[in-house]
Amino acid sequence: MNGEPEKKLTRIGRRRFLALLTAGLALVEDSEGSSSGDHLIDAGPSSLYTSDGIYDKFRDHGFFLVRKNGKLVALSAYCTHRICKLTPQIDHTFACKCHGSKFSEEGKVTEGPAKRDLPVLPISATKNGHLIINVSAG
Ligand code: FES
């Protein structure tokens with residue numbers, strides 16, 4: 001009876017400590033996520049994207065740059081049906097190999113099962129003219 005109750009108290013203390021530690025780490029992760037939650041990609045200078053067409057250099061980073069009629073937009077590279085990566089086509093559309101959805105050059109759904117258009121991602125520019133794409137907005 002001497003050592004046993006004390007041992008139980010110690011065990012409970014450890015469990016509580018671990019629970020508090022886990023909760024504390026979760027709070028730290030949450031606060032880090034909200035303060036630096038934006039995933040920004042430097043796509044280089046805008047002078048790299050002067051011709052009309054689809055630039056797929058950043059497909060693996062989650063977006064395409066599309067220039068049409070002088071306007072440059074960043075479109076999510078992920079199908080809105082079930083998040084498969086899209087493939088740009090010769091006719092300047094996007095196709096999803098997973099279930100066959102198709103999207104126009106502007107990111108509009110032209111064939112399902114996807115129902116939502118591709119998200120347009122915010123583009124900003126640095127002082128030296130580099131384009132910054134906010135991938136987390138997609
Ligand atoms: S994930 Fe693209 S059509 Fe299903």
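User: Which residues have the most contacts inside the largest nonpolar core?
Analyst: This is a predicted model. Its largest nonpolar core has 17 residues. Nonpolar side chains tend to be buried together in soluble globular proteins. Those with the most contacts inside this core are Phe63, Phe64, Leu65, Ala74, Leu75, Leu86 and Ile133.

User: Which element gives the most residues to this core?
Analyst: The elements giving two or more residues are strand 3 and strand 4. The top contributor, with four residues, is strand 3.

User: How many bridges join strand 3 to strand 4?
Analyst: Strand 4 covers residues 71-76, and the two strands run antiparallel. In this pairing, phenylalanine 64 stands opposite leucine 75. The number of bridges joining the two strands is six.

User: Which residue takes a positive phi in the hairpin of strand 3 and strand 4?
Analyst: This hairpin has two residues between its strands. The positive phi is near 50 degrees. The residue is asparagine 69.

User: Which residue in strand 3 does glycine 53 stand opposite?
Analyst: Strand 2 (residues 53-55) pairs with strand 3 (residues 63-68). The sense is antiparallel, over three bridges. The residue opposite glycine 53 is arginine 67.

User: Is glycine 62 buried, partly exposed or exposed?
Analyst: Glycine 62 sits in the loop between strand 2 and strand 3. A buried residue needs 20 or more other C-beta atoms within 10 Å, and an exposed one has 12 or fewer. Glycine 62 has 19, so it is partly exposed.

User: How far apart in space are glycine 62 and alanine 77?
Analyst: The two are 15 residues apart in sequence. Glycine 62 touches alanine 77, and its other contacts include Ser76, Tyr78, Val135 and Gly138. From C-alpha to C-alpha, the distance is 4.9 Å.

User: What does isoleucine 133 touch, leaving out residues up to four places away in sequence?
Analyst: Isoleucine 133 is among the residues with the most contacts inside the largest core. It lies in strand 11, opposite isoleucine 123. Its contacts are Leu40, Ile41, Ala43, Phe63, Ala74, Leu121 and Ile123.

User: Which residue in the turn between strand 10 and strand 11 has a positive phi?
Analyst: Strand 10 (residues 123-125) and strand 11 run antiparallel, joined by three bridges. They form a hairpin with four residues between them. The positive phi is about 85 degrees, and the residue is glycine 129.

User: Which residue in strand 11 stands opposite aspartate 42?
Analyst: Strand 1 (residues 40-45) and strand 11 (residues 130-134) run antiparallel. Four bridges join them. Opposite aspartate 42 stands isoleucine 132.

User: Which are the edge strands of the open sheet of four strands?
Analyst: The strand order is 5-6-7-8, with antiparallel pairing. An edge strand here pairs on one side only. The edge strands are strand 5 (87-88) and strand 8 (109-111).

User: Which residue does lysine 102 stand opposite in strand 8?
Analyst: Strand 7 (residues 102-103) runs antiparallel to strand 8. Two bridges join them. The residue opposite lysine 102 is glutamate 111.

User: What pattern does the protein follow along the sequence?
Analyst: Its secondary structure comes to one helix and eleven strands. Read along the sequence, the pattern is α-β-β-β-β-β-β-β-β-β-β-β.

Definitions and conventions
Residues are numbered from 1 along each chain as its sequence is written. This is a predicted model: local features need pLDDT of at least 70, side-chain atom pairs count only at pLDDT 80 or more; totals for chains, interfaces and linings use all residues. Two strands pair if DSSP finds at least two bridges between them. A nonpolar core is a set of buried Ala, Val, Leu, Ile, Met, Phe, Trp, Tyr and Cys residues joined through C-beta atoms within 7 Å. Two residues are in contact if their C-beta atoms, placed from the backbone, lie within 7 Å.
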